[in-house]
Amino acid sequence: MIIKSLPNILLITLLSCFWLTVARLPAVAKQTPTVTQEEIPTVGFCEMVTHPANYFDKTVRITAVYEIGYEGSRLNNVHCVRSHDESIGVGFVRIDEKQINEINGAIKAIMSGNAGGQPRVTVVGILRNSSRHAFDWYRYRFEIIRFEDICDDISERIVSHDGSLQAGLTYRAVVKHDSDIGLSFSAPLRIPIHQAVSFEWINLKSYPGLQRLRERYLQQIVFRVNKDNVRQMKPSRWNRTLQLEILLVE
């Protein structure tokens with residue numbers, strides 16, 4: 001979402017991250033008292049999601065994954081946002097032409113894909129107790145005053161499952177019921193012919209709907225690969241055990 005067509009700004013690339021040089025701006029003109037850079041508290045995103053009432057209408061600094069949608073964008077962290085009802089939508093505070101120009105430059109940098117499809121951003125803004133229940137669904141809205149950092153962080157990005165899995169990464173995939181191994185993937189896992197693979201879903205009991213998933217039914221989930229253990233059993237045979245943790249049922 002681009003607020004208004006204005007001249008581009010220069011983005012400085014540093015260690016694969018975009019550092020945006022921004023002016024010292026008041027929080028929201030004519031709405032809240034002026035807040036200096038040093039006075040703005042840094043709040044953990046999951047802390048804000050867990051206790052939102054503590055941060056309504058306050059200027060804070062947070063770090064989260066920026067997800068671009070068809071009808072709007074969201075701030076996310078798969079460690080604590082587990083459903084649409086917990087989503088944090090994105091809005092913007094308009095102060096002056098310079099500030100709007102800087103926000104537009106940040107949005108263009110995100111949409112360019114140079115920081116990945118779901119970059120990690122550090123932003124200063126205000127949480128509003130305002131929800132939306134439409135195609136773009138969110139419980140609360142975080143109105144961004146400025147971007148301070150945009151990074152390509154593969155460890156926080158949600159990767160679309162294409163048949164391969166890597167420890168430490170978070171994936172979005174479609175799963176199904178398998179009569180032999182239980183919960184499995186609709187897309188076959190790409191593995192060497194000399195490997196036998198098993199899945200260890202460490203928190204499946206917390207998702208009874210997935211446990212009762214019927215044959216031919218599909219469900220999209222977000223999960224993290226915690227461990228990938230490979231043991232050699234015979235000269236040409238290896239057993240591979242993937243420890244998986246479900247983060248979100250979509």
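**Entry 1: a salt-bridge network**

I began with charged side chains and found Asp57, Arg128, Arg141 and Glu143 linked in a network of salt bridges. I counted a salt bridge when a side-chain nitrogen of Lys or Arg lies within 4 Å of a carboxyl oxygen of Asp or Glu. This is a predicted model, so I noted the rules: local features need pLDDT of at least 70, side-chain atom pairs count only at pLDDT 80 or more, and totals for chains, interfaces and linings use all residues. Residues are numbered from 1 along each chain as its sequence is written, and side-chain values use heavy atoms, with hydrogens and water left out.

Glu143 counts as buried, because its relative accessibility is 13%. My classes were buried under 20% relative accessible area, exposed over 50%, and partly exposed in between (1.4 Å probe, protein chains only).

Asp57 got a second look. Asp57 is not a glycine, yet its phi is positive, at about 65°. I located Asp57 in the loop between α1 and β3. Helices (H or I, at least four residues) and strands (E, at least two) are DSSP runs, numbered from the N terminus. Is Asp57 buried, exposed or partly exposed? Asp57 is partly exposed, since its relative accessibility is 46%.

**Entry 2: other salt bridges**

I searched the whole structure and got 10 salt bridges. One of them joins the side chains of Arg61 and Glu148 at 2.7 Å, N to O. Arg61 sits in strand β3 and Glu148 in strand β9, so this pair links distant parts of the chain, 87 residues apart. I checked cover on both partners. Arg61 is buried at 11% relative accessibility. Glu148 is buried too, with a relative accessible area of 8%.

Next came Lys98 and Glu102, whose side chains meet in a salt bridge at 3.6 Å, N to O. Why are Lys98 and Glu102 separated by about one helical turn? Because they are 4 residues apart in helix α2. Glu102 counts as buried, at 10% relative accessibility.

**Entry 3: nonpolar cores**

A core here is a set of buried Ala, Val, Leu, Ile, Met, Phe, Trp, Tyr and Cys residues joined through side-chain atoms within 4.5 Å. The largest has 29 residues. Which residues have the most contacts inside it? I listed Phe45, Ile62, Tyr66, Leu75, Phe142 and Phe147. The elements giving two or more residues to this core are α1 (45-50), β3 (59-68), β5 (88-92), α2 (97-111), β6 (120-128) and β9 (140-151). I also found a second, separate core of 19 residues, which includes Leu169, Ala173, Leu189 and Leu210.

I followed Ala173 further. Ala173 lies in strand β11 (residues 170-178). Its relative accessible area is 5%, so Ala173 is buried. I took a contact as heavy atoms within 4.5 Å. Leaving aside neighbours within four places in sequence, Ala173 is in contact with His161, Phe185, Gln219, Gln220, Ile221 and Phe223.

**Entry 4: aromatic rings**

I counted 8 aromatic pairs. Rings of Phe, Tyr and Trp (its six-membered ring) pair if their centres lie within 6.5 Å; planes under 30 degrees apart are stacked, over 60 edge-to-face, and the rest tilted. The Phe185 and Phe199 pair is edge-to-face, because the planes are at 85°, with ring centres 5.2 Å apart. Phe185 is in strand β12 (residues 182-185) and Phe199 in strand β13 (residues 195-201). Phe185 is buried, at 4% relative accessibility. Ring pairs also link Tyr171, Phe185, Phe199, Trp201 and Phe223 into a cluster.

**Entry 5: whole chain and confidence**

Of its 250 residues, 45% are buried. Among contacts with a separation of 6 or more, 67% join residues 24 or more positions apart.

The chain averages 80, and 81% of the residues score at least 70. Where is confidence lowest? It is lowest in strand β1 (residues 12-14), at a mean of 35, and highest in β6, at 96. Over residues 4-34 the pLDDT is below 50, and this stretch has 67 contacts in the model beyond near neighbours in sequence. Where pLDDT is low, the predicted coordinates should not be read in detail.

Methods. pLDDT = per-residue confidence, 0-100.
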